[in-house]
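The stops below are meant to be selected in order.

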Amino acid sequence: EESIVNFENSSLHNVNFGIASKDKSLVTAENIIITNAKTAGLAAYQKKNTFGPAEIITTNESISQTDIKFMVQLGSKVISNGNEIKQVSFNAKSLYD
């Protein structure tokens with residue numbers, strides 16, 4: 001919660017989430033390759049009501065072999081390679097069932 005994470009030059013393969021940011025956290029990533037993410041390539045959401053929405057900003061990111069590339073809850077934000085990704089409504093707690 002309320003974390004700030006920066007990373008670069010990374011490859012993420014056969015993972016549940018490529019990058020997930022939740023509960024008022026900010027993740028910035030540069031030169032990232034995500035392959036075969038089972039739930040989503042990039043996910044930003046609020047799980048706990050006591051915190052706020054989350055944010056992910058990527059530069060030079062590639063997502064492949066992943067059915068759901070982006071999962072951005074209403075109020076949260078993902079900027080992927082300079083493009084803001086559309087937000088959708090979903091219950092983040094359902095990701096943990």
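Which side chain does Lys 48 meet in a salt bridge? Select Lys 48 and Glu 1: their side chains form a salt bridge with an N to O distance of 2.5 Å. The term stands for a side-chain nitrogen of Lys or Arg within 4 Å of a carboxyl oxygen of Asp or Glu.

Before moving on, note that this is a predicted model, in which local features need pLDDT of at least 70, side-chain atom pairs count only at pLDDT 80 or more, and totals for chains, interfaces and linings use all residues. Residues are numbered from 1 along each chain as its sequence is written, and side-chain values use heavy atoms, with hydrogens and water left out.

**Stop 1: the salt bridges**

Stay with the first pair. Lys 48 sits in the loop between β2 and β3 and Glu 1 in the segment before β1, so the bridge ties together parts that are 47 residues apart in sequence. Strands here are DSSP runs of E with at least two residues, and helices are runs of H or I with at least four, numbered from the N terminus. Lys 48 is partly exposed, at a relative accessible area of 36%, and Glu 1 is partly exposed as well, at 41%. On this scale, buried is under 20% relative accessible area, exposed is over 50%, and partly exposed lies in between (1.4 Å probe, protein chains only).

The count of salt bridges is two. For the other pair, select Lys 22 and Asp 23, whose side chains meet at 3.5 Å, N to O. Lys 22 is partly exposed, with a relative accessible area of 24%, whereas Asp 23 is buried at 0%.

**Stop 2: Asn 6**

Next select Asn 6, in strand β1 (residues 4-22). Asn 6 has 58% relative accessibility and therefore counts as exposed. Then show Val 27, which is 21 residues from Asn 6 in sequence, with 5.8 Å between the two C-alpha atoms.

**Stop 3: the aromatic cluster**

Show the rings of Phe 17, Tyr 45 and Phe 90, which ring pairs link into a cluster. Rings of Phe, Tyr and Trp (its six-membered ring) pair if their centres lie within 6.5 Å; planes under 30 degrees apart count as stacked, over 60 as edge-to-face and the rest as tilted. There are two aromatic pairs by this rule. The ring centres of Phe 17 and Tyr 45 are 6.5 Å apart and the planes are at 40 degrees, so this pair is tilted. Phe 17 belongs to strand β1 and Tyr 45 to strand β2, so the pair ties together parts that are 28 residues apart in sequence. Phe 17 is buried at 18% relative accessibility, and Tyr 45 is buried at 2%.

How are the rings of Tyr 45 and Phe 90 arranged? Their centres are 6.3 Å apart with planes at 65 degrees, so the pair is edge-to-face. Phe 90 lies in the segment after β6 (83-84) and Tyr 45 in strand β2, so parts 45 residues apart in sequence are tied together.

**Stop 4: the nonpolar cores**

Select Ile 19, Ile 32, Ile 34, Leu 42, Ala 44, Ile 56 and Val 78. Of the 14 residues in the largest nonpolar core, these touch the most other members. Such a core is a set of buried Ala, Val, Leu, Ile, Met, Phe, Trp, Tyr and Cys residues joined through side-chain atoms within 4.5 Å. Strands β2 (26-45) and β3 (55-64) each supply at least two of the core residues, and β2 gives the largest share, seven residues. Apart from this core lies another, of seven residues, including Ala 40, Met 71, Phe 90 and Ala 92.

Centre the view on Ile 34. Leaving aside neighbours within four places in sequence, Ile 34 has contacts (heavy atoms within 4.5 Å) with residues including Leu 12, Ile 19, Leu 42 and Ile 63.

**Stop 5: positive phi**

Asn 36, in strand β2, is not a glycine but has a positive phi of about 60 degrees. Asn 36 is partly exposed, at 27% relative accessibility. Gln 65, in the loop between β3 and β4 (70-72), also has a positive phi, near 50 degrees. Gln 65 is exposed, with a relative accessible area of 63%.
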